[in-house]
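Please consult the sequence and the structure shown here alongside the text.

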Amino acid sequence: MFTVPFNYKYMKKLAEVGKLETPKAAGKYDTGQLFLHRVFGYRGVILFPWLAKVYDRDVPNKREVSNVDGNVGMNVGKEVKGRTHTFYQVLIDSRDCPYIRAQAEAVTFLGNQENSRSLYAIPGLDYVAHEDVLPYTTAEKQPLHHELFDKFLLYYPDKDPPFGAQETLRAWQKKNHPWLELSDVHKETTENVRVTVIPFYMGCRESQTTSVYWWRYCIRLENLGELTVQLRERHWRIFSLSGTLETVRGRGVAGQEPVLSKTLPAFQYSSHVSLQAPSGHMWGTFRMEREDGYAFDCRIPPFSLESKNEEQKTQNGQT
């Protein structure tokens with residue numbers, strides 16, 4: 001057995017979790033695999049995998065094209081080759097949610113009514129890259145606290161892992177596939193601060209005069225260096241297929257100005273954007289301030305906002 005030393009100021013004692021297993025260098029983890037998140041430290045369980053294209057702007061490419069915005073600093077026009085990578089839909093242990101630097105209600109949906117603009121959140125749902133999974137085993141039959149754990153998974157003592165999918169999980173995955181699907185991941189590093197962006201299409205809402213298309217996007221910032229940095233400002237450029245280009249500036253993100261240190265190197269949040277067109281692009285910068293007083297603009301990798309044929313996606317079912 002092992003204990004997990006969570007490096008959070010709120011924790012008062014170590015928590016005994018289970019026995020660590022060797023992470024898989026190849027292949028996929030199965031549904032029901034328990035794990036610790038390599039960066040955020042929370043306990044979780046894998047529901048099902050996604051195959052996504054990762055566009056890493058830190059990987060050298062043979063050629064670059066001219067910048068579509070004329071701003072070389074934004075690096076928008078760089079041609080990036082996508083590489084297929086495995087991610088997982090996971091549940092987060094509710095006992096750990098108050099202590100992690102990631103929003104516990106980051107996965108949101110539009111309301112079912114066509115004219116509704118209400119957003120509904122699923123608490124404790126996350127997307128995790130294969131390399132961030134630290135698998136473990138335990139003898140507990142209820143190792144994870146989450147209201148969906150018993151609805152989605154059953155205990156099979158002779159299986160490895162000993163938790164398998166119920167029909168409710170498969171039905172939920174198929175029904176919500178268009179809004180859950182992870183397809184593109186974008187990464188870029190500036191001055192040892194890596195920004196990862198994952199966009200999700202949420203659907204379209206129509207009124208008598210306009211159609212409004214909605215996306216959510218998840219952003220993770222990670223300090224790969226030795227010096228502490230703090231996010232001070234955000235600067236977004238949002239281009240719509242309708243021809244509009246919007247600029248958004250503001251203090252911090254999600255109401256915070258997160259500090260990324262050696263002991264707490266990462267922060268993750270989600271937000272939303274809407275366009276009166278079926279597609280567009282977003283890019284921008286975060287203004288960062290280092291502990292030695294040095295300030296710099298950390299690039300947010302440009303990413304596409306693409307709508308989907310909702311009826312077709314639903315009929316196609318799960319991946």
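Helices (H or I, at least four residues) and strands (E, at least two) are DSSP runs, numbered from the N terminus. The model is predicted: local features need pLDDT of at least 70, side-chain atom pairs count only at pLDDT 80 or more, and totals for chains, interfaces and linings use all residues. Residues are numbered from 1 along each chain as its sequence is written, and side-chain values use heavy atoms, with hydrogens and water left out.

**Backbone geometry**
- A cis peptide bond, with omega near 0°, runs from Asp160 to Pro161; Pro161 is placed in the loop between β10 (153-155) and β11 (163-165).

**Nonpolar cores**
- A nonpolar core is a set of buried Ala, Val, Leu, Ile, Met, Phe, Trp, Tyr and Cys residues joined through side-chain atoms within 4.5 Å; buried means under 20% relative accessible area, exposed over 50%, partly exposed in between (1.4 Å probe, protein chains only).
- The largest core has 61 residues, and Leu221 and Phe286 have the most contacts inside it.
- Strand β13 (residues 193-206) gives the most to this core, with seven residues.
- A second, separate core of 15 residues includes Val39, Ile46, Tyr88 and Ile100.

**Surroundings of Phe286**
- Leaving aside neighbours within four places in sequence, Phe286 is in contact (heavy atoms within 4.5 Å) with residues including Val195, Leu221, Tyr269 and Phe296.
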